[in-house]
Amino acid sequence: MAVLDQVYTVDLRGLAEGRHHLVLSELGSNLGLPEDQLVVTTDVVVELTLDLTGSLIMVRGGISAKPTLVCARCLEPYESDMTAAFDAVIRMGHNNFRLEDEDETPVDFGDDWISFAPSVRESLMLAVPIKPLCSVDCQGLCPQCGTNLNFSRCSCGQEPADPRWNALKTFLEDNRGEQADGRS
Ligand SMILES: [Zn+2]
Ligand SMILES: [Zn+2]
């Protein structure tokens, strides 16, 4: 674990007062993510803004990654665009550092460095959608024969549409018409 957490590391020795901007990149496979929950084989880029005032460091991290998710509708793996962010406030002491607030994002400390690997891991896990979709237009699988309807048609859906939906459709169309009239 110690080796994994040497990634996204900032050397704090001699860090000057003021704002520092860092872009750190690491292969997702080096992050120690739980692979049954999140697979990232490409780079995970973290943009860090550090504001050092006295012994306090305010940290903002912006993460971008392209994890491979499995679509909840068609069950196909796809590369998604994921962004996440974290904040931390760190107080520097003599050869030690601590988080100001215990509830803040987790970080790892060494004698003179901080690793944001735990923050990146946690933020990415929280950003995983409950129902990932390869596309908002994903047609999903046919519930009867399992055909992926994004790629091909099957003959299951030939029966006429449920007439109850027609009533709703007519109602919606009428409503839309009235709104348009009201505006003009
Ligand atoms: Zn899909
Ligand atoms: Zn079918």
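Biologist: In what order do the three strands of the open sheet stand, and is the pairing parallel or antiparallel?

Modeller: This is a predicted model. The strand order in the open sheet is β1-β10-β9, and the strands pair in the antiparallel sense. The edges of the sheet are β1 and β9 (108-109); each has a single partner strand, so one side of each has no neighbour in the sheet. Between β9 and β10 (residues 113-115) there are two bridges, again antiparallel. Phe109, for instance, has Ile114 of β10 as its bridge partner.

Tyr8 is placed in the segment before β1 (9-11). The phi of Tyr8 is near 55 degrees, which is positive although the residue is not glycine. Is Tyr8 buried or exposed? Tyr8 has 25 other C-beta atoms within 10 Å, and 20 or more is the cut-off for buried, so Tyr8 counts as buried.

A second residue can be set beside it. Leu75, in the loop between β5 (68-70) and β6 (77-79), also has a positive phi, near 65 degrees, and is likewise not glycine. Its surroundings are another matter: Leu75 has 12 C-beta neighbours inside 10 Å and therefore counts as exposed, the limit for that class being 12 or fewer.

Among the contacts of Val46, leaving aside neighbours within four places in sequence, is Tyr8. Val46 belongs to the largest nonpolar core, which has 24 residues. Val46 is one of the residues with the most contacts inside this core, together with Val44, Ile63, Phe116, Val120 and Leu124. At least two core residues come from each of β3 (43-53), β4 (56-65), β7 (82-92) and α1 (117-127). The largest share is that of β7, with five residues.

As for confidence, the chain has a mean pLDDT of 83, and 76% of its residues reach 70 or more. Over residues 180-184 the pLDDT stays under 50, and there the model has zero contacts beyond four places in sequence.

Terms used. Residues are numbered from 1 along each chain as its sequence is written. Chains are lettered from A and ligands numbered from 1 in the order in which they are written. This is a predicted model: local features need pLDDT of at least 70, side-chain atom pairs count only at pLDDT 80 or more; totals for chains, interfaces and linings use all residues. A nonpolar core is a set of buried Ala, Val, Leu, Ile, Met, Phe, Trp, Tyr and Cys residues joined through C-beta atoms within 7 Å. Helices (H or I, at least four residues) and strands (E, at least two) are DSSP runs, numbered from the N terminus. Two residues are in contact if their C-beta atoms, placed from the backbone, lie within 7 Å. Two strands pair if DSSP finds at least two bridges between them. pLDDT is the predictor's confidence in each residue, from 0 to 100.
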